[in-house]
Amino acid sequence: MASLGTRLAATCCAVVMGGALASVAFAASPNLAPKELVIKRGYTEEASKCLSCHAEKTPGIIESWKEGKMGHANVSCYDCHVVDKDSPMASQCTGLKGTKTFISPMVSGKTCSRCHPSEYDEFLKSGHADLSRDAVYDEKKAGGALVALQLHHEGGEWMGVEKGSATNTASRFSGCTVCHGSEVQLGPDNKPINATWPAGVGTLYPDGSVGTCTVCHTRHRFSVAEARKPEACASCHLGPDHPDIEIYLESKHGQIFQTQGEEWKWDSAPGAWQPGDYTAPTCAVCHMSGIGELETTHNVNDRLKWDLMHKRSEIRSGVRGDGVKGDKLMRKVCVNCHGDSAIDNNRLLLDNSVALYNAYWDKAVKMKADLKDKGLLKKDPWRDGYQELMYYLWHHTGRRARQGSAMNGPDYAHWHGFFQMFQVLKDMEDIYNWRIKNNKIEDLSTVMSPGPV
Ligand code: HEC
Ligand code: HEC
Ligand code: HEC
Ligand code: HEC
Ligand code: HEC
Ligand code: HEC
Ligand code: HEC
Ligand code: HEC
């Protein structure tokens, strides 16, 4: 993230590049209080046409756009939606038929990058970009198991629903891609089809660009204040497999947010939001916002040490980030409000919780290898009690224990986490012992779907 000074300069040039505005001047007060933007010239004729017609046809869009900072700065429909005639996404709305202007309803992060280049670069390096979409599309990942989950099992292919049909893909496009992002498909008129748009954070657009910035800064207000609130993350980070919002609301930090948050100052200038504006951290404070020595980042992987989502927790490396550095950065968040003793104890507790979870996982892996050797695993893991439970051990209870511990939600760490982990592993051990003793697989799955919730 650039310093406030360089950001002002960069934004200024970018606006001019954006095309709609010719002369823009910024006046920032010397103490870096919220900057003021003075627009010396209004909209081009074409840009004002979009506005006046849409004010009548889609007043909801205009009203929220007007409320936002970019609306005030005269960044208009034209700047974000007009595309080259040759763009694979080029089409025309009812109001533009017969003109030379082409638009697209699809707007990826690349459009924003014209004026916000550093935010986009950081975002592209994060798990929110390609990794997020690959988690749903990559055939190679986990031996195609994920694609099988969405289409074969949940999509009903296994019971005869036609492969590739709209019925078959309904589960993918109503669930997975809404959070993770889709690969947008186009119809003959270059408009998106097959429920592949609008979609989640790592969406791949037909021009090869990636990213839906509006998952946190919803359209058409694009508010920074909104993205700082925990609700901005909660539409995806919730539920039995990654209950981050539930954990947060039950933590001390969440208690303070819920009891005092209404008095906090949410709309400080970008990068200038600091303790005092708030008294306890939100998701954004710990994972993204500038605080103390740290600058804002749109790479949510930057401040993480462990990988707490995959089957075995390891220190982050490669595309997942740099865990050693991540540990140091996360501590720099805490030092703004806590002393070393509290921070050291808390970070050690996370390491210990990861070690305990890994011990459970390793035991499950060992028993599974044994069963496999002896031919005592079913081919379909979803009809095999041992393998079903192993999924819940990792994907539900094990994530809750690890993430509950990381973010200080004792109820999730314990009752929804470690407590259920030991129950699940004991059941797995019973199945294992039974199969080894009888040298066969029990006829019916012993697990009642949906398993431990
Ligand atoms: C700062 C960029 C920006 C500006 C300014 C902007 N939009 Fe958008 N608009 C977006 C983004 C981003 C989306 C979501 C696109 C996506 O998910 O691919 C969107 C989506 C839309 C959609 C499709 C969504 C739907 O529910 O049908 C319409 C229509 C639209 N914008 C109209 C407008 C109009 C009219 C204006 C002018 C008042 C405007 N936009 C200004 C960025 C912008
Ligand atoms: C004379 C009226 C009029 C003008 C001028 C106009 N629009 Fe539209 N626009 C509409 C109407 C009506 C719709 C909804 C029906 C449709 O999608 O064609 C629409 C739809 C859209 C959509 C969504 C298209 C989709 O496929 O869902 C976008 C984006 C959009 N307009 C942007 C613009 C931009 C940008 C401009 C200026 C360059 C503009 N419009 C000028 C009337 C207008
Ligand atoms: C043509 C240039 C331009 C484009 C394109 C653009 N922005 Fe902006 N954006 C600006 C300017 C200028 C400001 C500063 C307004 C201010 O601070 O008064 C801004 C401010 C913002 C803010 C801060 C708002 C706040 O509440 O403080 C966010 C968030 C933002 N833009 C997101 C986006 C997203 C997302 C896109 C793409 C969908 C986008 N921008 C595209 C020029 C642009
Ligand atoms: C409610 C939003 C949501 C839905 C629906 C959803 N996910 Fe996720 N998914 C997430 C979040 C958030 C994470 C990050 C979890 C974490 O940090 O523990 C994640 C993590 C993952 C991961 C691990 C990350 C990786 O890159 O390996 C995979 C794989 C995955 N999801 C696949 C899927 C599939 C397949 C579906 C549909 C069958 C799906 N998800 C549905 C939100 C969702
Ligand atoms: C995961 C949520 C999330 C996503 C996705 C996201 N942002 Fe942000 N964004 C934030 C938060 C939180 C802040 C506020 C940082 C702070 O406290 O100052 C912010 C701040 C901003 C700002 C204000 C300047 C700054 O950097 O602080 C701009 C501009 C911006 N975002 C643009 C974008 C663009 C462009 C994208 C897409 C490439 C995007 N954002 C995607 C959460 C998000
Ligand atoms: C539209 C859904 C969505 C929203 C909103 C969202 N996320 Fe995510 N987030 C995801 C998905 C999906 C993943 C898993 C990505 C992957 O496959 O690695 C993820 C992953 C993460 C990760 C782990 C990084 C990694 O290794 O992938 C962090 C940290 C994170 N998100 C924080 C946030 C915060 C903080 C916010 C709010 C400011 C937020 N997210 C908003 C969907 C979302
Ligand atoms: C007090 C700071 C703090 C707050 C507030 C916070 N987190 Fe975290 N978060 C952490 C820490 C610490 C970790 C573990 C980091 C590590 O591995 O060192 C973490 C890990 C994560 C992960 C990564 C899980 C993985 O699979 O590796 C996600 C996703 C996440 N947080 C999302 C959120 C969301 C969403 C919110 C708000 C609802 C939130 N966090 C609130 C500190 C925080
Ligand atoms: C903006 C200030 C702020 C930041 C940043 C912050 N905390 Fe806190 N934290 C608080 C406040 C205030 C409390 C409530 C103290 C009380 O219970 O009286 C608290 C409570 C806690 C608690 C509950 C135990 C206790 O001290 O009462 C833990 C654990 C905790 N924080 C860990 C962390 C960790 C780890 C980080 C960094 C990842 C962090 N906090 C970042 C303000 C902050």
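**Exercise 1.** Which of the 17 residues around ligand 4 come nearest?

*Solution.* First, some ground rules: this is a predicted model, where local features need pLDDT of at least 70, side-chain atom pairs count only at pLDDT 80 or more, and totals for chains, interfaces and linings use all residues. Residues are numbered from 1 along each chain as its sequence is written, while chains are lettered from A and ligands numbered from 1 in the order in which they are written.

Next, "near" means that a residue's C-beta atom, placed from the backbone, lies within 6 Å of the molecule. The residues that come nearest to ligand 4 are Ala135, Cys176, Cys179, His242 and Met309.

Now look at helices (DSSP runs of H or I, at least four residues, numbered from the N terminus). α8 (130-137), α9 (145-153) and α10 (166-180) each give this shell at least two residues, and α10 has the largest share, with four.

**Exercise 2.** Find the residues that come nearest to ligand 7, then sort its shell by class.

*Solution.* Start with the 24 residues around ligand 7: Cys283, Cys286, Lys305, Leu308 and Met309 come nearest. Then sort the shell, counting Ala, Val, Leu, Ile, Met, Phe, Trp, Tyr, Cys and Pro as nonpolar, Asp, Glu, Lys and Arg as charged, and the others, Gly among them, as polar. You get 14 nonpolar, six polar and four charged residues.

**Exercise 3.** Which residues of helix α14 are buried, and why do they line one face?

*Solution.* A residue is buried if 20 or more other C-beta atoms (placed from the backbone) lie within 10 Å of its own, exposed if 12 or fewer, and partly exposed in between. In α14 (residues 252-260), that picks out His253, Gly254 and Phe257. Looking down the axis, these buried residues fall within an arc of 95 degrees (taken from the directions from the helix axis to the C-beta atoms), so they line one face of α14. They pack against α13. Turned away from that side are the exposed Lys252, Thr259 and Gln260.

**Exercise 4.** What is leucine 389 in contact with, leaving aside its neighbours within four places in sequence?

*Solution.* Contact means C-beta atoms, placed from the backbone, within 7 Å. Leucine 389 is in contact with Val424, Asp427, Met428 and Val447, once those neighbours are left aside. Zooming out, buried residues make up 34% of the 453 residues in the chain.

Definitions and conventions. Contact = placed C-beta atoms within 7 Å.
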